[in-house]
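This report looks at how parts of one model meet, within a chain and between chains.

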Amino acid sequence: MKGKEESMKKRIAITVSLAMITSVLGVSASSFGAVTAKSNAPKVTITVLGADYGSGPSNTTSKYWLNIAKGFMKLYPNVTVKTSTINWNDYNTKVTAQIQNKNYPDILQGEFFPQYVSDGLLYPLSKVLSNPGAGSPVFKSSFSVNNVQYAMPFVTSARAMFYNKKLFAQAKISAPPTTWAQLLTDAKAIAKLGKIGYSLPLGPEEAQAESYLWMLGSGGGWQNAQGKYTINSAANLKAFAFLKQLVASGATNPNPATWNRTADSAKAFANGQVGMEFNGPFLTATIASAGVLKTSDYATAAIPGAAGPVIKTLGVADAIQVFKSSAAKLPWIKKFMDYATNNANQLAFAHEYALLPGTVSALNSLKNDPILGSFVKALPHTVLFPSSANWTSSVLPAIKIQIGTAVTGNASAVLGQLQTLATGG
Amino acid sequence: MNEDSETSAPQAMVRNSQRVTNVPKKNLIRRMEPIYWLGPAFLLIAGVVIMPVAFMVWTSFRNIDTVGFDHGFAGLASYRNLFALPDLRPVIIRTIVWLISVVSATMLIALPLAVLLNRQFPGRRAVRMALVAPWATSVFMTAIIFRWMLQPQSGLINIVGHALGLLHNIGLTSAQADWLGRPQSAFVWMIIVAIFVSLPFTTYTLLAGMQAIPGDIYEAAKVDGASAWRSFRAITMPLLKPAAVVALLINLMNVFNSFPIIWEMTRGGPGDQTATSTVFMYQLKSSSIPMAAAMSVVNFVVVAVIVIMFLRFSNWKERTI
C-alpha cells in the first residue's frame, strides 16, 4: 500500500512538473502566435472527429463542422482544421477501432470515454477551454475522473414520451398513459389500427437509453446510488418482464432488437406509423422534415412508469474532449475549442438538429423556445448514464449488442451476463 | 521417390556449406541465388502472415484494455473467459451449421450447373457470363442488395411474395416481413446469399475439371455402348474428384471466414444470434481485445486444420497423377 502511495505521489509530481512545462511552453507559443499571427505563425493541423447527428447527406454534421473549420481558418490562416464524422450506428465500433490503432484525433466529439483518462490520453478541460465551467453543471460529475473534468457537454437532451394525437383520437384514447398498464392497453388499441402502438428501439444505436427509461419506471437503473452496477436487479428484471409482455402482445414493432432509434423508430413516428415512443427533442426535426405530421398532430408527456409517471427523466449529454498532443499545438486547439463552443455555433447546432446545447449561456437563451424550452427546463431534473471507467469502454458496447434480445429471450440470463461483464473487470 | 530427393537436398547443402571457404566468390553468389528469388516472397509472408499471427497469439495472453493499452501478462484468462461465455456454444453450433449447409448446398447445385455449362447449347456464352456476375460483384454489395430486397415495407422480395399470396401482410408491423429481425429467418437468408456468392467459383472449378477430362475416353465409352448416365458416373465423377476436392476445401475456408455477408445483413444480430465465430470475434473486440484475440486463435486453428487437409490432398493428387 505504502509503495503504491509513494509511486502515486511520484506520478503526481511528474504530472505536475510536466504540466508546468507544457503550460510554460503553451504560454510562450501563444504569445508568439499572437504577435506574429499574420506573418510566420507555425503551421498547425487540428483533426476533429465527431458524431453525425444528421438523418442523411442533406443535414449531415460534416457540414456543420466544415463551417466551423472554415470560419476558424479564416481567423487563423496558419491552422488547418480537418474534420470527419461517424454515423451513430457505428460510432462505438469505429472510434474504438481508430483509438485501438493509436490513431488519435485532436478533438473527439460524441461519447465521453473515462478510460482514455485512465490511460492518460486526454487533457483536462481547464487546459483546453478559456472558461472550463462553460458547460452545463448537470453533467460535470459524469465528465469528471477524480474530480477533474475532462470533457465538456457539447450537446444535451432530455427524454420524454411523444405521442401521435391523431392516432390517439382514432383509437378513442382521451389522455396519454401514465402507467405501464395504461400504456399496454393504449398500445394494443393503436395496434388494432394497423399501426405500431409503442415503438421500442432496442437496436444497437441507443438501446442503453431506451432500456434505461424503462428501468427508471420500476425504480431500477444501470447502477445504484453508490455507483455499483445493478444491471440484473429485481427492478430491472421487472421492467424487462413488462417489455416482454408488451412485445408479445403485438403492440410494438415486431423485432425490437434490430429496430434502431433514428433510422427506424423516429422515421416511423414521423411518417405517422407510431402511436407512442420515448425520444428526445430531435424527433421534432425528423417530423418536420418528413412533412407528414403537423405540430398540432403530436405532443409530449412524461415517461410512464410501473405505478405512475417517471419524475426524473433521462438526461443525455454528448461530450467534446481533447486528446493530448504537442505543447506547440495546444494553444491553437484551445482557440479552436473556444470558437467551436461559442454561443453562435452552439445554437446553430441546437436549431439544426432540435437538440439542446451544452453550454450554460446557450441553454439559458433557449429557455423560452417553443419546442426546446420544456426540455431545457427538464434538464436539471434528470438522471444520467453511469460514469464508471468501464461504462463506455466495455459495458456499453456489450449492452448495445445484447440487451435487445432480453425482450424475446431469457431476460435474466441476458442481464446477468451483462452484469458479470460489468463487474468482472 | 519424392522423399529421396527431399532428404538429399539438405545433405547437399550441408556438404556445400562445409566447403564454403574454398569456393570462389562468384560461386557463392550463384549458390545464394535462390535466396534472392525467394527472399521477397518470404519477407512478404513473414510480414503479412506470420507476424500478425504471432501478434494475435501474443495479444490473447495479454491484459489489453479497450483503448489499446497493455496492462501486462494475463495468462490464459482470456481463454477461460471466452470458454465461460454462455453464448459461445450457440455460436460454434451455428458456425458448423453455416459451414455444412452453405458448402454442401453449393457443391450440390454447382455440379449440375457445371454439367450444363459443359454442353453445347445456344446462348452458352451468355449463361457463362451471367454466372460470373455474383463473383465479379463485391460480396458486400450483394449483401446490401439482399438486405434492401428484404426490407419489410418496400423490399422487392416482400412485395413479390405479397403479390403471390405467400406473405399475408407486409409493412412495419408485420413480423413475417421482417426477415432479418428474426434470427432463424435471417440466418436462412444469409445462407442463401452465401450459396449464391459461392456458386460461380465452385461451378467454374468443376467446369475446368470436366474440360480437362480427355474427350476420347467418352468416345471409347460410347463405342462400348455406355449410357450417358453410366459415362457420367464411371468417367466424369472419378476424374472430377481432384477438382471437386479442391473446390470443397477452398469453399470450406472461404465460408468459414465469411464476414461481409453476415456483417452487412444483420451485424450478427439480434444480439449475437446470427453471428458465426468470425463475426462473434469482431463483436467481442468492442468490449475486450484479448478475448477477441483468443477467439481469433481458435478460428485460426480451425482454418489451419482445413489448410493442412488441403495441402495433404494436393500432395496426394501429385502422387497419383
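The model is predicted. Chain B is split into domain 1, residues 22–60, and domain 2, residues 78–320. Their centres, taken over C-alpha atoms, lie 35 Å apart. Five residues of domain 1 of chain B and nine residues of domain 2 of chain B make up the contact. On the domain 1 side, B:Met56, B:Thr59 and B:Ser60 lose the most area to domain 2 of chain B, and together they account for 82% of what that side buries. The touching side of domain 1 of chain B consists of three nonpolar and two polar residues, with no charged residues.

The contact between chain B and chain A involves 29 residues from chain B and 30 residues from chain A. The salt bridge there joins the side chains of A:Asp90 and B:Arg267, at 2.8 Å from N to O. Helix α13 of chain B, residues 277–285, gives the most to the side of chain B that touches chain A, namely three residues. That side of chain B holds ten nonpolar, twelve polar and seven charged residues.

| Interface | Buried area | Share on carbon and sulfur atoms | Salt bridges | Residue pairs in polar contact (both at pLDDT 80 or more) |
|---|---|---|---|---|
| Domain 1 of chain B and domain 2 of chain B | about 510 Å² | 80% | zero salt bridges | two residue pairs |
| Chain B and chain A | about 2300 Å² | 56% | one salt bridge | nine residue pairs |

Key
Residues numbered from 1 in each chain as written. Chains lettered and ligands numbered in written order. Predicted model: local features only at pLDDT ≥ 70, side-chain atom pairs only at ≥ 80, totals over all residues. Heavy atoms only, no water. Domains from an automatic or database assignment. Contact = heavy atoms within 4.5 Å. Buried area = accessible area lost by both parts, 1.4 Å probe. Salt bridge = Lys/Arg side-chain N within 4 Å of Asp/Glu carboxyl O. Polar contact = N/O pair within 3.5 Å; in protein donor to acceptor, adjacent residues only side chain to side chain. Nonpolar A, V, L, I, M, F, W, Y, C, P; charged D, E, K, R; others polar. Helix = DSSP H or I, 4+ residues; strand = E, 2+ residues; numbered from the N terminus.
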